[in-house]
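Here is a short report on one protein model. Look at the structure first, then read on.

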Amino acid sequence: MKFIINRELILTPLQQIVSVIEKRQTMPILANVLFKLDNNLLTLTGTDLEVQIVVNIAFDNDEQGSITVPARKLLDICKSLPSAVDIKFELVKDKLKVQSGRSRFSLSTLEAHDYPDFEMTAMDCQFTIKTAQFKTALDKTAFCMANQDIRYYLNGIMLGIFNRQLKLVGSDGHRLSIYEGEIETETGIESRIIIPRKGVLELTRLLDNDPEQEIQVEFSKNNIRVVIENLTFSAKLVDSKYPDFSKVFEQSFNSPVHVQKQVLKDALTRVSILSNEKFRGVEFVIEGNSLQISTNNPEHEEADEEIAIEYQGEALSIAFNSQYILDAVSNLDSEMAVLTIAENLSSCFIEESSEQNYKFIVMPMRL
Amino acid sequence: MAIPLRKIIHIDMDAFFAAVEQRDNPSYQNKPIIVGGLPDSRGVVATCSYEARKYGIHSAMSSSRAFRLCPHAIFVKPRFTQYKEASQQIQGIFYQYTSQIEPQSLDEAYLDVTHSLLCQGSASRLAEKIRQQILDETGLVASAGISYNKFLAKLASGINKPNGQYLITPKQGIGFIAQLPIGRFHGVGKATEKKMHALGIAKGADLLRFSLPELKLHFGKSAIFFYQIAQGVDDRPVRARQESKSIGVEITYAHDLEERSEIYQQLMNLLDKALDKVFAKTLYAHTLTVKVKYHNFQQITRSLTFSGPIKKRMLMLPVFQQLLEGESVGQTKVRLLGVTLSSLEQQSLYYQQVDLFD
């Protein structure tokens, strides 16, 4: 197997593939990238057995063959070569020779037929969506998903599709974000799946193509596959039902608090310096047109700050993990934030003042 | 400023469980007594009397083997309530001499007597007095080791066993360590011993040839201890009351387990017990460790740490399945299962955050 390819053609695919490869593998071959050469098509594959990325690169060539080489090392080599150079690859016995200009490298290889298959069931659902919409939906929900929670179904994003209605939900139990939008074409599907955390994080990174472009999303009970131009992303799904969160909407609410987003963020950042390092608790006292944020910590240090708000309701006080409020407010695109607190002080909705496709919910702390 | 040398006594009860049995049952005296599993069971020897040791019997040996070595030995099932009672009585004696006591187990403890003015400050005479008082009040025999750190004190208590004591002075310390086989060092098990031998470390003296970074390369976190102890330094304090770092439950089964579903069920039962213990101390755990010992005594442990506290039992079945995925549990018969909960924190730190799904 022998071919010459320009650095710029192979660099991005390698970067995308190395991103899914785990630093420590259960099988040595999983540290490698699979090269498959078939006439004018080079196919690169990387996986951790949970997520797989396959990239097709078209270029002039008439050879065939396949081999696997250490992915991270190959990426580092390609990265460090000057831009736009041609790189020559040649398989000599069990070594892959890489040459460009006066630089030569000889990489160890493992046989392609030992590379594990990524098991997939037949895809029975599919829809197309604009890159921009899918990226927004993921970005607005991913920050709320759990990480290493025992409730494994929370370590991911729930994606539901009901004909043209698209719904994404992320939650670690302490907060929840929900995206509800419409896609352009009818799908006739009614289905809910859970995309695992790692898959979600990889996917958001991959969605940096033309925002107006349509991408294809397919899924079955066990797998999801997203085709983005010449790249195919696949992941195993979390085999579980997503828990019911509808109760949080079924309650009465106080009148909303309108506040300048940046003012709230700055005040929270300052006050939380003296909160309990682990739990980051801050207390909100809302009265008339003022919001007082205060905190203290086990060392008996204290901080408080008062900011101007617009509020018509009764005086109330409630406490939160300041980080959760900061994360939610930072994910609003408008300059104003609207905080709506449930009458029984059991939750706080955070939204923009105009109707948007997403909203966030932060659960309080009891002090 | 030089830190004054410490005076540490390690008290080790001689054949403790067996001695309690011999004390409580005069017909057992001067006879080979084996406390532990019965010979026709799958149990092991917990302790045996000195009379039994003459036949080559030692603790952790399988009871059936012990029986073959000495068929006329008397096998006794352990009576932990009695042992605990005796142990508490002995601890009560320690408290008359110092408050800095670190019990290692029911039959072993470190005492820091650096600041004791009793016996004109002679730790050796103090140790003698303590041993005498233990014998007078409980009828049980103890040995003692006296030195300037825990490692050497423990080493010393083994030298004149039973019913004896030994002092390792600061001057003698390094010499003692130099000639000590590496397998007898604190924290050196079979695997580490092999590694040490491969590096040409057979005795304490050999450790001195290595720099700290070199040792770190091979032994990670334990390197500092090895490096310091080679020079006779062991700064580990005598900790009065140790907060437990983990809470665990394990069972050796009467019959080997072969069914995966039964193994998971057993693990869930063990988890229930471990969780009860954790909650009884108003703690929460974040790490779950599963231990499996196969019928051939090969052992594996697998663990997983979670962001939140382990509370709901129901959710743990998939966790066990995940932990043991790819292991030959069941296909290879299982003799023992254990569940340990660690990364413990006070529950009071947690009550505050409200959860959507609770």
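Buried residues (under 20% relative accessible area, 1.4 Å probe, protein chains only) make up 45% of the 358 residues in chain B of this predicted model. Local features here need pLDDT of at least 70, side-chain atom pairs count only at pLDDT 80 or more, and totals for chains, interfaces and linings use all residues. Residues are numbered from 1 along each chain as its sequence is written.

Chain B has 13 helices and 14 strands. Helices (H or I, at least four residues) and strands (E, at least two) are DSSP runs, numbered from the N terminus. The accessible surface of chain B (Shrake-Rupley method, 1.4 Å probe) is about 18500 Å², and 53% of that belongs to carbon and sulfur atoms.

Now turn to chain A. Eight of its strands form an open antiparallel sheet, in the order β13-β10-β11-β12-β24-β23-β22-β17. Two strands pair if DSSP finds at least two bridges between them. β13 (190–196) and β17 (257–260) of chain A each have a single partner strand, so one side of each lacks a neighbour in the sheet. From one strand to the next, the twist averages 20°.

Within this sheet, four bridges join β22 (336–341) of chain A to β23 (348–351) of chain A. A:Thr340 stands opposite A:Phe349 there.

Angles run from 0 to 180 degrees between N-to-C directions, with axes fitted to C-alpha atoms, for helices over the stretch in contact.

| Helix (chain A) | Strands touched (chain A) | Angle |
|---|---|---|
| α4 (residues 197–206) | β10 (156–162) and β13 | about 90° with β13(A) |
| α5 (residues 261–271) | β17 and β22 | about 80° with β17(A) |

Conventions
Chains are lettered from A and ligands numbered from 1 in the order in which they are written. Side-chain values use heavy atoms; hydrogens and water are left out. Buried means under 20% relative accessible area, exposed over 50%, partly exposed in between (1.4 Å probe, protein chains only). Contact means heavy atoms within 4.5 Å.
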